[in-house]
Amino acid sequence: MLSDKLKLTAKDILEKDFKTGLKGYNQDEVDQFLDQVIKDYETMHAHIETLEQENEKLKRQTEEMPKQKAPTSPAPQQGSTNYDILKRLSNLERHVFGSKLYE
């Protein structure tokens, strides 16, 4: 998981104290910036968690797919199809050649 790889948490950022010098950074400005960083960090962390859960779900579905058998389609009724084709050919021959066919 990503949380194992990250060194800082939102709480670490919030509790970080910076020492100030004579002409150091404006403490309020640093605090406001850190608040934005914390919010972005929490949003990013929540988004990553959601994506990881979705990724795990998709992996499980992918693993289960080969286990599921494809639905068997009914065998084509080739006998009736051939019969229909022969019947149409016979009708066509009768129509085209008419009585010449039997002479």
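Author: Of the 103 residues in the protein chain, 5% are buried; buried means under 20% relative accessible area, exposed over 50%, and partly exposed in between, with a 1.4 Å probe and protein chains only. This is a predicted model, in which local features need pLDDT of at least 70 and side-chain atom pairs count only at pLDDT 80 or more, while totals for chains, interfaces and linings use all residues. Residues are numbered from 1 along each chain as its sequence is written, and side-chain values use heavy atoms, leaving out hydrogens and water.

The secondary structure consists of four helices and zero strands, and its order from the N terminus is α-α-α-α. Helices (H or I, at least four residues) and strands (E, at least two) are DSSP runs, numbered from the N terminus.

The largest nonpolar core has five residues: Ala10, Ile13, Leu34, Ile38 and Tyr41. Such a core is a set of buried Ala, Val, Leu, Ile, Met, Phe, Trp, Tyr and Cys residues joined through side-chain atoms within 4.5 Å. Helix H2 (10–15) and helix H3 (27–64) each contribute at least two of its residues, and H3 gives the most, namely three. Beyond its neighbours within four places in sequence, Ile38 is in contact (heavy atoms within 4.5 Å) with Ala10, Ile13 and Leu14.

Helix H3 also holds Gln27. Because its relative accessible area is 46%, Gln27 counts as partly exposed. Its C-alpha atom is separated by 10.0 Å from that of Asp17, ten residues away along the chain.

A pocket is an open set of points on a 1 Å grid over the protein atoms alone, where a 1.4 Å probe fits, with protein on both sides within 12 Å along at least five of seven lines; lining residues have an atom within 4 Å of a point. Of the 13 lining residues, Phe18, Lys19, Thr20, Gln27 and Val30 are the closest to the pocket's centre.

Confidence is expressed as pLDDT, the predictor's confidence in each residue, from 0 to 100. The chain averages 81, and 82% of the residues score at least 70. The mean is highest in H3, at 90, and lowest in helix H1 (residues 2–5), at 68. Where pLDDT is low, the predicted coordinates should not be read in detail.
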